[in-house]
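Please find below a colleague's note on the model under review.

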Amino acid sequence: MPELPEVETIVRRLREGNAAEGVLLGHRVLGVNVLWARTLRGADEATLQAQLPGQRLLSVGRRAKWVVMQFDNAALLLHLRMSGDLRVESQAAALQPHDRLLLDFEGGLRLTFNDPRKFGRAWWTQDPAAALADLGPEPLDEGLSDAVFYQRLHRVQRQLKPLLLDQRFLAGLGNIYTDEALHRAGLHPLRRSNTLTIEEAQRLLRAIRAALQEGIRRNGASIDWVYRGGNFQNYFRVYQRTGQPCPVCGTPIVRLLVGQRGTHICPVCQPAPDTPAGGV
DNA sequence: CACGAGACCTGTTCGC
DNA sequence: TGCGAACAGGTCTCGT
């Protein structure tokens with residue numbers, strides 16, 4: 001489920017802990033339970049069992065779509081991919097279907113990583129900065145200027161949608177927020193990145209930030225059978241709204257396939273780029 | 001370099 | 001009703 005706003009929401013909740021039973025921050029891990037071995041990366045189960053118990057959780061943060069849990073001597077990096085979820089609950093709570101990794105903390109709390117599709121990953125690493133080194137800039141970082149964004153767009157000649165999904169170009173967007181941002185910016189997903197004017201680049205960066213900030217404000221989007229309590233899904237402009245009216249002009253939303261991903265646009269607000277071959 | 005296809009996985013929904 | 005196909009919020013690798 002998670003893109004940047006959903007991960008941000010999850011991270012904030014992890015910091016708060018479980019209202020009824022306490023927080024994880026500052027507490028030591030007592031035990032680790034690996035229920036699906038392929039969840040682990042960077043270290044095998046024996047290493048994790050040898051190194052994680054006894055370590056205190058110092059901070060919980062986010063980088064792109066990664067949850068960064070810093071312990072005394074190393075970090076646990078969690079990526080939820082398509083279907084991952086994190087719960088903070090009592091160690092007495094019953095296991096749920098698809099639970100993959102359990103961390104029991106002193107004080108009686110447990111952090112549970114649940115992931116039906118098994119795509120999610122937990123990296124145990126002494127050097128989290130190196131593990132995250134290939135990620136592009138954070139879109140909400142004010143240090144990312146219009147001029148720099150424009151330059152980055154012009155360094156390559158790629159379709160906008162796959163480019164925005166490339167975490168090395170910009171870190172944190174996924175399928176929902178890319179579609180929403182392109183609609184807000186009035187740009188077609190197949191536009192070539194190096195054809196954008198400085199004004200269009202500026203509009204795109206502002207649209208990305210507006211979509212992400214609205215997502216965070218609404219605690220993320222909750223779709224399908226995974227429900228997290230966010231309600232951004234009720235405010236989508238185009239995502240999964242095929243056939244419904246564009247909120248700007250009323251034209252029915254159209255679904256395309258771009259880079260193997262379902263893509264939703266308003267054909268009027270987001271005019272197709274000229275193509276030498278004629279037709280997209 | 002840029003893109004498409006396939007892989008990794010399970011669950012839900014759609015269409016006949 | 002039943003059953004297979006299509007689809008799902010993400011990345012990774014390989015071939016062209």
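1. Basis. This is a predicted model, in which local features need pLDDT of at least 70, side-chain atom pairs count only at pLDDT 80 or more, and totals for chains, interfaces and linings use all residues. Residues are numbered from 1 along each chain as its sequence is written, chains are lettered from A and ligands numbered from 1 in the order in which they are written, and side-chain values use heavy atoms, with hydrogens and water left out.

2. Domains. Chain A comprises domain 1 (4-131) and domain 2 (146-265), with bounds that come from an automatic or database domain assignment. Taken over C-alpha atoms, the centres of domain 1 and domain 2 are 29 Å apart. Contact (heavy atoms within 4.5 Å) joins 14 residues of domain 1 to 14 residues of domain 2.

3. Surface near DNA strand B. A residue is near the strand if one of its heavy atoms lies within 4 Å of it. DNA strand B is surrounded by 14 residues, of which Arg38, His98, Arg117, Gln157 and Arg192 are the closest. Of the atoms of DNA strand B that come within 4 Å of the protein, 71% belong to sugar and phosphate. The residues of this surface comprise four nonpolar, five polar and five charged; here Ala, Val, Leu, Ile, Met, Phe, Trp, Tyr, Cys and Pro count as nonpolar, Asp, Glu, Lys and Arg as charged, and the others, Gly among them, as polar.

4. An N or O atom in the side chain of His98 lies 2.8 Å from a phosphate oxygen of DNA strand B, and a polar side-chain atom of Arg192 is 2.7 Å from a phosphate oxygen. The side chain of Arg117, by contrast, places an N or O atom 2.8 Å from a base oxygen.

5. Helix H7. Helices (H or I, at least four residues) and strands (E, at least two) are DSSP runs, numbered from the N terminus. The expected span of a helix is 1.5 Å times one less than its number of residues; for the 20 residues of H7 (198-217) this gives 28 Å, in agreement with the 28 Å between its end C-alpha atoms. Buried residues (under 20% relative accessible area; exposed is over 50%, partly exposed in between; 1.4 Å probe, protein chains only) of H7 include Leu204, Leu205, Ile208 and Leu212. The buried residues of H7 pack against H1 (4-16), H4 (146-155), H5 (160-165) and H6 (175-185). Just after H7, Asn219 has a positive phi of about 60 degrees.

6. Helix H1. The 13 residues of H1 should span 18 Å, and its end C-alpha atoms are 18 Å apart, which agrees. Among its buried residues are Val7, Ile10, Val11 and Leu14. Their cover includes strands E3 (57-63), E4 (66-71), E6 (85-90) and E8 (109-114), together with H6 and H7. Gly17, which follows H1, has a positive phi near 80 degrees.

7. His264. This residue is found in strand E11 (261-265) and is buried, at 5% relative accessible area. A polar atom of the His264 side chain lies 3.3 Å from the backbone nitrogen of Gln240.

8. Tyr150. Tyr150 lies in helix H4 and is partly exposed, because its relative accessibility is 26%. Beyond four places in sequence, Tyr150 touches Leu196, Thr197, Ile198 and Ala201.

Definitions and conventions
A polar contact is a pair of N or O atoms within 3.5 Å; within protein, one must be able to donate a hydrogen and the other to accept it, and residues adjacent in sequence count only if both atoms are side-chain atoms.
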